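Subject: Structure handover

Hello,

Here is the structure I said I would pass on. My notes follow below it; please read them with the model open.

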Amino acid sequence: MLKILTQLWNSKKKINRKARIPEAALSESPNLDSQLAKNLSQIKERFKDSVDVAYREFSPGFDLNKKAGLIYIYGLVNSELTNNTILKPLMFELPKNKELETMEQGNLLEKIKRCALPNSNLREAATLQDVITGILSGDTALLLDGFPTALLIETKGWETMGIKEPDTEAVVRGPREGFTETIGVNTAMLRRKIKNEKLRLESLNSLGRQTKTLVYIAYIEGIVNEKFVTEVKKRLQRIDIDGILESGYIEQLIEDAPTSIFPTIGNTEKPDILASKLLEGRVGILVDGTPFALTVPYLLIEAFQSAEDYYSRPYYSTLIRMIRYVALFISVLFPALYVSLQSFHPEMIPTSLLISMAGAREGVPFPAYIEALVMGVVFEIMREAGVRMPRPIGQSVSIVGSLVLGEAAVRAGFISNPMVIVVAITAIASFVVTPIADAMALMRLFFVLCASNLGLFGVLMGILFIDIHVMKLRSFGIPYLYPVAPMNFGELNDVFIRPPLWSRIFRSRLLSQNRVRGRSLKPSPPKNQRNEES
Amino acid sequence: MKGKRGVAFLLCILSIFLLTTGCWDRKELDQVAIAAAIGIDKGADQKIQLTVQIIKPGALKSPSDGGSSGTEKGVWIIKSSGDTVFEAVKNFREKSGRQLFWPHTKVIVIGEKIAKEGILPAIDWFLRDPDMRLRTYVLVTQGEASEIINGDSGLEKIPASHLERMIKDYDILSKSVATNLMDITNMLLSHPSHAVIGRVGKSKSVQGEEEVFLREAGVFRKDKLLGWLNPLETRGYLWIQNKVKGGVIILPCTEEPNQLISLEILKSKSKIIPKLENGTLKYTIEVDVTSNLGEQMGTENLINPEMFTVLETEQGQAVEKEIVTLIQKAQEDYKLDILGLGEATLRELPQEWKKVKDQWEEKFPQAQIEVIVNSKLLHSGMVDSFKLPN
Amino acid sequence: MLIIVEIGDKAMLEKGKISSGQFYFLILTLALSVSLFSLPSIIISRAKQDVWIVILIALGIDVVVAIVLYVLGLRYPNQTIFEYSQEILGRFLGKGVGLIFAIFFLVMTADILDTIITFLSTAVMPETPKTVFYLVMLLVSAYAVNAGLEPIGRLSELVAPLVVICLLLSLALNINHVKLENLKPVFQLSLLKDLEYSLLPGSLYGICIIMGVFMAYHIKPKDTLKAKLGGVVTGTLLIIFNLLIVIMVFGADLGSQLRYPLYSLAQMIEIGDFFERLEPMVMFFWVAAGFITIAMLYYVTTIGFAQLLNLPDYKPLTPLIGGAIFILSTITFPNITIKDAFLKGIYPYLTLPVEGGLTTLLLMVSLFKHRKKPIWTKQRG
């Protein structure tokens, strides 16, 4: 025990020491060159192969030998604006301007700026970084051969119509937008969250022999562990199937443990969650036609970390996180423990409780484990019915199912009262940890079977079996239970509690190459604040 | 390949679970009879007779829930007999129809006849069976144990729970001893000391209802009942055993001897100190008593330092008298080391103990015992003494 | 050089590595689970209030063995005890010694499995046939063995702290039953008796020669000794505390009559008049610890036989070894008294020569034969 404490202490110290090492200052940005080709290639270099960046090279109407380039990001700009306020005037309207012929070279840009661009907001940018920042915020950059300055024309405009709050992953506090079915809109939503040219959106050959579905992978260069990217690409290229209709197809074709009940690939419907996963060093996979994006590698603890934890203050979030673990425990083990306690180890139940349980069981025809299995199955039926029905009907289905049926079954003496309570608690708890809800439902039945034969010993053996199984799992090379097993004390702080943001200095060692998240200090008010009052 | 093996393995385990749905240790709650108390007697035919209180869960349901009305008894009492305890236990199946479930047994009552013949044979099964707990209380009774098990409670639906609460709170009165299976086995196994077990009895109340009470204690030589201690002697025993937690000490007023004063014992502490002086063993029993003034029947002014000192001395003497009475009874009447002197010697002077070990039976009655009582009085309650106007 | 690399490659039946923490917890689990079940009753009935002296002597025996194995492990890095015994004694003799070790581990697995199952069917579920327990336990541990060393290590990292907490709780919750005077008298045994009685716990802790295998898979072999001693010392201290509490609560007389005194200790727990009889929970954690021990011994046996037979993969052997364990554990002890007599009489004299004798012999020969070999050889790859 002492050893653990000292280890914990040492790891704390190490983190603090590392935190004081100053990060290298931001590399200064070079100025633009006067040659268009060079500028373009430099910008392309910065964006690498991101598919959502558009490069449009053209010649303005007044001089067909002159070269110009437009750079913008699909989805962030309103293409109508780009066409009408930039391309159209430059290509068709400017040549009609007679003054142009008398214009000197040096003033060409000024001239264009003044009379050819019917756009209300327009800036000049001289450095590469300014241009890129502008492009990322939704402007269109206009580069003209021979000028070391770029024009940033405001063409912001993005899809807002089809975006609605997703049904899964609802939040009380936090962004309410969810991905749409169109991949172009989704990439733009992601770009708006992460305005950084290092966010790479790479396209792979369209997947699916017949469907030719667009699949992008997203990651942040410099944060992501390059191994994941190559591995994801490798696995995606191996896919050979007639159609990809949902990201679930891809998930099942590239996952590490197809025979396991545990998911080794995560999915999300929300851009902010995807952004936060990318910031941790994960790789995202976007598929056209579905709002669900995949994230890899997926660790089990992610099921217990909700994005909202980080949006609200740490104390309540910590409590909620603990409750999620309790809910997992209840949802998976409660019926099994009930069965094994009441059928195998009634000596553990306090006498008064035992008497009332025995009273409730008088006259119930089935043994407890049959009751538990039947109720478990009935619960799944009601859940499924409630989900598939249109919402108003679904509600009445669940009311009829839970209230009327349960009450009647108890009255008729088919099912004992405590079992209804157990199943109800279990059912509610199973909605708390949604990402692995299906694995939990399977485990629940498995444990009831274990308990029905061997009591607590059976449950123990079941737990050990599942434990070993989970410990064997890896997601893209990362142990599934990391950082709990293998234990990493330094990273345990984000597992059971939700640490304050200013103390989350590092990213996970296994996930990311660049471990420093940021170095904000613990906020404190200025010392002389009081003086202002008097 | 790897995956296939995993699946095969899973199926293998699952099928074992499904196919072997034997019901080895499974007992459904509606198939067991929960025993609450058990009495052990020896019948006239020299057979072991067991009487057991079985809880009727149906009778304990609240009436709104389809349960019976409040008048029905919460327990069912059945008897069984056999040559051994185990056989008698198994013979319950002749009548019970359900498997008896023992872990929630609160009390074991041993009848006088068995107690006189030896209790070890009677409790062996309770120690050996994994279902029984070592903390089950064991009491002896004068007469038949079945009488006690048959006894009713005016308050609780399960008489055994009533009894259990009385036993748990024995040290509030300190008139009897609470002994569980572990204590008894310990007392029987340790060489020098002998067992003292609480006594439970039954009497008729004013209304003619039966009442079960816990008072006095039985003294055992090895595992055989020898005689009884009265309530004051029992408290003497508890003082020495460091088991007094509460109780009342009655003293006469100094000025008006026919009026009495009650002192409420708050806490006490005692230890036995063996000493070797000139080759002979001497014992000092040191008892600390702290109490409050609980009641005063006379009108004398007691609430001053002088009177408190006097009362403290008197309290000390009263306690000493109780202890000395017990010591005399142990040394002269029973000639049995129920005080734990031998054990104290064994722990403190192991070398000396080896010498006297074999003649301890003869040596104990001659042992010199000194009793020191440190007595203390703390509070006097909400009022001072009342002086009636002349 | 080439040859060494080849041996090294062949040795890597297990690709996983375990960390110092996992090593510590594995040894702790082993030390706890060999002493939770049958040891307390025997040792209390023999040594009474002197149990702690006896266990401390046993700890001493184990420390010596640990140092011997540590030096051996450093001299032959990345090799298990089965491999370096071949390198030290030559192919033929070395295989013989390796076989003795492998059989030793096999017998130990069967013995501990039997101990745990006997406990289960005596104290917890008397009506269930023992065979069911054997089969379920062996099946799940075979799954663990095939999963490899890493999952077993990680499992121990999760389970061992829980077992420790459970033991500490059963200490803490019994504080109100404690009678300090029960601890006296001490020093009632002669030194010779102390030594004699410490042979049994010593030989049980001696199963920790499992480190001769694990050390080859340790990330930092240099830290092995620290982790191993840490584990055994923590384990023995916990056991000593628990035994002392048993004596304080039950007294030495009753304590020596109880078959599973630590389990009975858990029976005494009562939390606030409501929660009583928590011993099935105790059973839960004990059997979990026992399971990990079985899994690691089973694993070591399997890997030992695989290395002796020069197999490229140990997994095909798992069912065979499992069958052997099943047969051994079911037929060896027909009833409980024979098992007791075996533990008390023969067991230490059968196992100590392997645990202490053979290992020391290996070290002697190695020091003599490979005189020039430095004590510490740098770790390869």
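**Notes on the model**

At 44% relative accessibility, Gln46(B) is partly exposed, a class that lies between buried (under 20% relative accessible area) and exposed (over 50%), computed with a 1.4 Å probe and protein chains only. Gln46(B) sits in the loop between β1 (32-42) and β2 (48-55) of chain B. Its phi is positive, about 65°, although Gln46(B) is not a glycine.

This is a predicted model, in which local features need pLDDT of at least 70 and side-chain atom pairs count only at pLDDT 80 or more, while totals for chains, interfaces and linings use all residues. Residues are numbered from 1 along each chain as its sequence is written, chains are lettered from A and ligands numbered from 1 in the order in which they are written, and side-chain values use heavy atoms, with hydrogens and water left out.

**Another positive phi**

Asn310(C) is a residue other than glycine with a positive phi, near 55°. Asn310(C) belongs to the loop between α13 (279-308) and α14 (317-331) of chain C. Its relative accessible area is 37%, and Asn310(C) is partly exposed.

**Chain B as a whole**

Chain B contains 15 helices and 13 strands; these are DSSP runs, numbered from the N terminus, with helices being H or I of at least four residues and strands being E of at least two. The radius of gyration of chain B is 27 Å, well over the 21 Å that the globule rule gives for 390 residues, so chain B is more spread out than a compact globule. That radius is taken over C-alpha atoms, and the rule is 2.2 Å times the number of residues to the power 0.38. Taken along the principal axes, the box filled by the C-alpha atoms of chain B is roughly 95 × 60 × 60 Å.

Of the 390 residues in chain B, 52% count as buried. Contact means heavy atoms within 4.5 Å. Among the contacts in chain B with a separation of 6 or more, 69% are between residues 24 or more positions apart.

Chain B carries 50 positive and 53 negative charges, whose mean positions are 9 Å apart. Lys and Arg count as positive and Asp and Glu as negative, without His or the chain ends; each charge is placed at NZ of Lys, CZ of Arg, CG of Asp or CD of Glu.

Arg199(B) is located in strand β7 (residues 196-204). Is Arg199(B) buried or exposed? Arg199(B) is buried, at 11% relative accessible area. Its side chain makes a polar contact of 2.9 Å with that of Gln142(B) and another of 2.7 Å with that of Glu216(B). A polar contact is a pair of N or O atoms within 3.5 Å; within protein, one must be able to donate a hydrogen and the other to accept it, and residues adjacent in sequence count only if both atoms are side-chain atoms. Leaving out residues up to four places away in sequence, Arg199(B) touches several others, among them Val140(B), Phe213(B), Leu214(B) and Trp228(B).

Val75(B) lies in strand β3 (residues 75-82) and is buried, with a relative accessible area of 4%. Beyond its neighbours within four places in sequence, Val75(B) is in contact with residues including Gln53(B), Ile54(B), Ile55(B), Lys157(B) and Pro159(B). Val75(B) and Asp152(B), 77 residues apart in sequence, have their C-alpha atoms 9.6 Å apart.

**Chain A**

Chain A has 17 helices and 12 strands, and its C-alpha trace spans about 105 × 60 × 55 Å along the principal axes. Of its 534 residues, 49% count as buried. Chain A exposes about 25,700 Å², of which carbon and sulfur atoms supply 57%. The centres of its 62 positive and 55 negative side chains lie 6 Å apart.

Cis peptide bonds join Val296(A) to Pro297(A), with omega about -15°, and Tyr482(A) to Pro483(A), with omega about 0°. Pro297(A) is in the loop between β10 (293-296) and α11 (307-311), and Pro483(A) is in the segment after β12 (478-479).

Regards

Conventions. Accessible areas come from the Shrake-Rupley method with a 1.4 Å probe; for residues, only the protein chains shown count as cover.
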